[in-house]
There are 2 protein chains.
Amino acid sequence: MSTPNSGDTSSDKTKTGGVEHPEGEFRAIARIRRHLEGVPSDEVGIGDDAAVVRSGSSTYLLATDLTVAGVHADLELIGLDDLGWRAMTASVSDMAAMGARPSRAVVAVAGPSSTDLDRLYEGIGAASGAYDCLVVGGDLANAVQVVVAVTVSGELPAGSEPVLRRGARPGDLVFVTGPLGAAAAGLRHLRKRTSDAPQALFDAHRRPRARVAEGAAARVAGATAMIDVSDGFGADLGHLADASQVGFLLDDVPVFPGATREEAIAGGDDYELVFSAPLRRRVLEVFECRDLRPPLCVGVCVGDAQRRMLGDLPLPARGWEHSWL
Amino acid sequence: MSTPNSGDTSSDKTKTGGVEHPEGEFRAIARIRRHLEGVPSDEVGIGDDAAVVRSGSSTYLLATDLTVAGVHADLELIGLDDLGWRAMTASVSDMAAMGARPSRAVVAVAGPSSTDLDRLYEGIGAASGAYDCLVVGGDLANAVQVVVAVTVSGELPAGSEPVLRRGARPGDLVFVTGPLGAAAAGLRHLRKRTSDAPQALFDAHRRPRARVAEGAAARVAGATAMIDVSDGFGADLGHLADASQVGFLLDDVPVFPGATREEAIAGGDDYELVFSAPLRRRVLEVFECRDLRPPLCVGVCVGDAQRRMLGDLPLPARGWEHSWL
């Protein structure tokens, strides 16, 4: 379908704003799938945070994410180093959302020949070190706009299985690894040129952190389904519920100090993890044992897939989506 | 360094033309590497056709390649389906050049919302089928220009080692899997709107074929170093010689019927493989045994890394390179 912002890459549409889009991207993905063969039944293909590949006796995961200047990141507000960090984080977070460990990255960078690659790779290298995810290859090409595609491979401990989006069952509790909306609030302050906003908000937008340790803890704690908050909490929990064919009743959404409730619901790029798990005590024990902040239990899954409530109101599945005809 | 075509993406610069560029991209890669940690000694990182990752008892390979509309492909001359095929081929060819089998692909597509994704994925899907390389994931984003980043993972038979660029030794023979220049000649005819040029030339530009079976045969036949002809024969053999610290004496370059000698030397995107191997008979036997066209022995490696001769003349290291400051 045609959308008002076709081809628009102006800065007021940059991602973390939680702009509402019609069903463009997800319909496009459905159409794309018709051209592609399915994967073996013990693997995972298109439609989860990462693909799962069985290779002989071992398993590895693959995920790719695009970061486009003017779309996902406004280079008048953040540096190319921040864009590099964010690009790595987006793909590493896909591994976190499977309960996997990021292993290696390949980085494709298209951009004008004037692009400050040193600064971009400063951020990519910093993220590579922070996530212990070595950059082992890449490609460079000229283009009119900076486009970074990071593909990360990931691994699981022997005998472990990834946590998919589709395993949530009625009665499972819904957890989130931390309060939401910080990245969107940070972007709001950057746009307003606020000088006295909390540093944590700016950091959340410029240098978000993938929750790798938390994802592994959730897997060990028996998570039945998991997703990262990249498009927005409402949208991403919606994806999990769609894949699992469940609904949910949420008590509330945890809001990051300084963020608005709307930013917590619809702002993307927080990279907190949302997961379902049957046993609250087990979840809290594993996180405590691993010195991780206890995740917040925000609600429960229900069998009626149409019921998706935040308190007394339907939870809007708002979040980021690109428009495609 | 600054180059005349900074940010230029006009169609007369599209890739297969064999345009000569100053040392932009490769210097940029050298600078980039300073920001990144090295890989374990039994792995392969930046600087070969693909990265080699050891994971427990198994090994997988990773390679990523960008295809940018207006840079690598002119959409006034070829279709989006062809662009999709070419994007898959570039990454699959990286696996071929390691002697590996492509296994899975993740595809990141940025472009205007008007991009005909159906047509693009028709080509991606066709290549996926042709190369037996399942597409297991991807990402979509809006951008002003179509940019496709395909990352392919690859595998080797148990106990086999990949063929790197750096193993050629003085005395090794230099082979190429077929005559060169067809893709560049095809592009020339497309630009001239020639209607009666051989179909094979158009096909070579629109739907080039990665030599996966040939790469595996070369590995089995004892290839000591290998690379695919993506930038141009002169440039790519130069990369192999640089990595191996050898020179070479070539008798001649095999020219595809209808192509010029210059196109055979400097035209990219042929995706034929160039490899070094010590034993001519062994090479011919393995290719024959596998029902593959016999590779052409074009010369020999020598110890003097400065001597890089085609007949009596130095072989120009011409080929495609993107410009970066």
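Which residue in S5(B) does Thr64(B) stand opposite? Thr64(B) faces Thr151(B) there. Good morning; I shall begin with how this model is to be read.

This is a predicted model, in which local features need pLDDT of at least 70, side-chain atom pairs count only at pLDDT 80 or more, and totals for chains, interfaces and linings use all residues. Residues are numbered from 1 along each chain as its sequence is written, chains are lettered from A and ligands numbered from 1 in the order in which they are written, and side-chain values use heavy atoms, with hydrogens and water left out.

Let us turn to the sheet of chain B. Helices (H or I, at least four residues) and strands (E, at least two) are DSSP runs, numbered from the N terminus. Two strands pair if DSSP finds at least two bridges between them. In chain B, five strands form an open sheet of mixed pairing, in the order S1-S2-S5-S3-S4. Strand S1 (51-55) and strand S4 (134-142) of chain B each have a single partner strand and stand at the edges, so one side of each lacks a neighbour in the sheet. From one strand to the next, the twist averages 20 degrees. Strand S2 (residues 58-68) and strand S5 (residues 147-155) of chain B run antiparallel and are joined by eight bridges.

Next, the helices of chain B. The axes of H6(B) (residues 212-220) and H9(B) (residues 280-289) come within 9 Å and cross at roughly 140 degrees. Axes are lines fitted to C-alpha atoms, for helices over the stretch in contact, and angles run from 0 to 180 degrees between N-to-C directions. H6(B) is therefore oblique to H9(B); angles under 35 degrees count as roughly parallel, over 145 as roughly antiparallel, 65 to 115 as roughly perpendicular and the rest as oblique. Contact (heavy atoms within 4.5 Å) involves, among others, Ala217(B) of H6(B) and Phe287(B) of H9(B).

Finally, chain A. What is the sense of pairing of S1(A) and S2(A)? Strand S1 (residues 51-55) of chain A pairs with S2(A) in the antiparallel sense over five bridges, and Arg54(A) has Thr59(A) of S2(A) as its bridge partner. Their hairpin has two residues between the strands, and Gly56(A) takes a positive phi near 60 degrees. S2(A) also pairs with S5(A) (residues 147-155), in the antiparallel sense over eight bridges; here Asp65(A) stands opposite Val150(A). In S2(A) (residues 58-68), 10 of the 11 residues are buried, that is, under 20% relative accessible area, with exposed meaning over 50% and partly exposed in between (1.4 Å probe, protein chains only).
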